[in-house]
Amino acid sequence: MNDRMERLGADAAQLNVSRGPERDGWWQAAGVVAMAAGVVVAFVAYQLSRNMSDPRDISSMLILSVSMLALAVVGAAVFLRYSFARFLRFWLLRQLMEDHAHIDRLVASIDNGRVPQSQDHP
Amino acid sequence: MSELVERTRNTSELVEPALELCGVHAAYGGIEVLHGIDLAVPAGAVVALLGANGAGKSTAVKVAAGLLAPTSGSVRVAGHDVTGAAAHDLARIGVCTIPEGRGVFPNLTVRENLWMATQVAAVTGGVAGVERVAFERFPQLAERRSQLAGTLSGGEQQMLALARALVTDPAVLLLDELSMGLAPIVVQRLYEIVAQVAREGISILVVEQFAQAVLGIADRAAIMVNGEITRAGSPSELGSELSSAYLGG
């Protein structure tokens, strides 16, 4: 086995492989569920607390309500994080494609011995 | 392990293959493109994956490179299961892909394209080391070091993509349609470089539509038809199979 293979084997063994083909999709779904569940449970807990007379029960319900609101905020952050990752990857690819096309037009124009006409500045 | 995997393995190699696809199924949305392919790239060997347009060759490369997760089956690197690993992680450990088309950043100069390699892998000698290694192997690029990559000829762009890959000292190289849009003499020159790289011990999987371009340097070859590997063996064994793979029947 050559050095390269030894190094490859060692590095591959240490590789952090996360399973599942649609990791972003799962995280997005988890974010939506956390967001929805957080808002619903927070609202229900708050409504229940209004019908209680014992201050300790009210405190418990309010703590639950605030915790669920925090969960909703975390869920929203997770959802945005993975939505943006997907969007930004697409945006980067589109940018690269547009750059390719732009340079192709420039090179074609140079080859043809003329300056390209800009549509923005007639 | 299937017979096809065994046949694509070099029997003289006692070590695990550098790269192995085992029963890989892959799909774009609901459309399955790979129907359980088995393929092994032995350490230090050149394996050619051949087939007509739309056979699923590039998809196989995407799966091997971590750009597309298989729906089932596994990808193994040096005997370790890396199924689902991200492409940048695989690149970092030495599985380097040169994608179909030009594969360079057209609006960066030749030097800047090479510098990008230092962002992915720990390169000996840093930026200066990258340039020295690349320009020693490709003197043609040295003359154009300050030129925008998009203004290079097709062959020079492929050389740049190869140079950028090689400066990271990869263990496995995945080449997707290296000959696309290039003149035969340029293709011949590029495959001479690939053969030289293989002699240095880098394991190479070459995907090619034009079989003759690559069979001269390949140790093993496999023919892909409609998302399945129908035949694998040495290039001489596959000669008669090629026409039916491309023309049907």
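Mentor: Let us begin with a definition: an axis is a line fitted to C-alpha atoms, for helices over the stretch in contact, and angles run from 0 to 180 degrees between N-to-C directions. Please keep in mind that this is a predicted model.

Trainee: What makes α4 and α5 of chain B a crossing pair, and at which angle do their axes cross?

Mentor: The axes of helix α4 (residues 110–120) of chain B and helix α5 (residues 126–137) of chain B come within 9 Å and cross at roughly 115°, and the crossing of α4(B) and α5(B) is right-handed.

Trainee: How do you know which residues of α4(B) and α5(B) meet?

Mentor: Contact means heavy atoms within 4.5 Å, and among the residues that meet are B:L114 and B:W115 in α4(B) and B:V130 and B:F135 in α5(B). By class, this contact has seven nonpolar, two polar and two charged residues.

Trainee: Why are β1 and β4 of chain B called paired strands?

Mentor: Pairing asks for at least two bridges found by DSSP, and five bridges join β1 (residues 19–28) to β4 (residues 72–77) of chain B, so the two strands pair. They run antiparallel, with B:C22 standing opposite B:S74 in β4(B).

Trainee: What makes β2 and β5 of chain B edge strands?

Mentor: In the open sheet of four strands, with the order β2-β1-β4-β5 (chain B), β2 (31–41) and β5 (80–81) each pair on one side only.

Trainee: Where in chain B does pLDDT stay under 50?

Mentor: That is residues 9–14 of chain B, although the chain averages a pLDDT of 84. Where pLDDT is low, the predicted coordinates should not be read in detail.

Note on methods. Residues are numbered from 1 along each chain as its sequence is written. Chains are lettered from A and ligands numbered from 1 in the order in which they are written. This is a predicted model: local features need pLDDT of at least 70, side-chain atom pairs count only at pLDDT 80 or more; totals for chains, interfaces and linings use all residues. Side-chain values use heavy atoms; hydrogens and water are left out. pLDDT is the predictor's confidence in each residue, from 0 to 100. A crossing is left-handed if the near helix is turned anticlockwise from the far one by less than a right angle, and right-handed if clockwise. Ala, Val, Leu, Ile, Met, Phe, Trp, Tyr, Cys and Pro count as nonpolar, Asp, Glu, Lys and Arg as charged, and the others, Gly among them, as polar.
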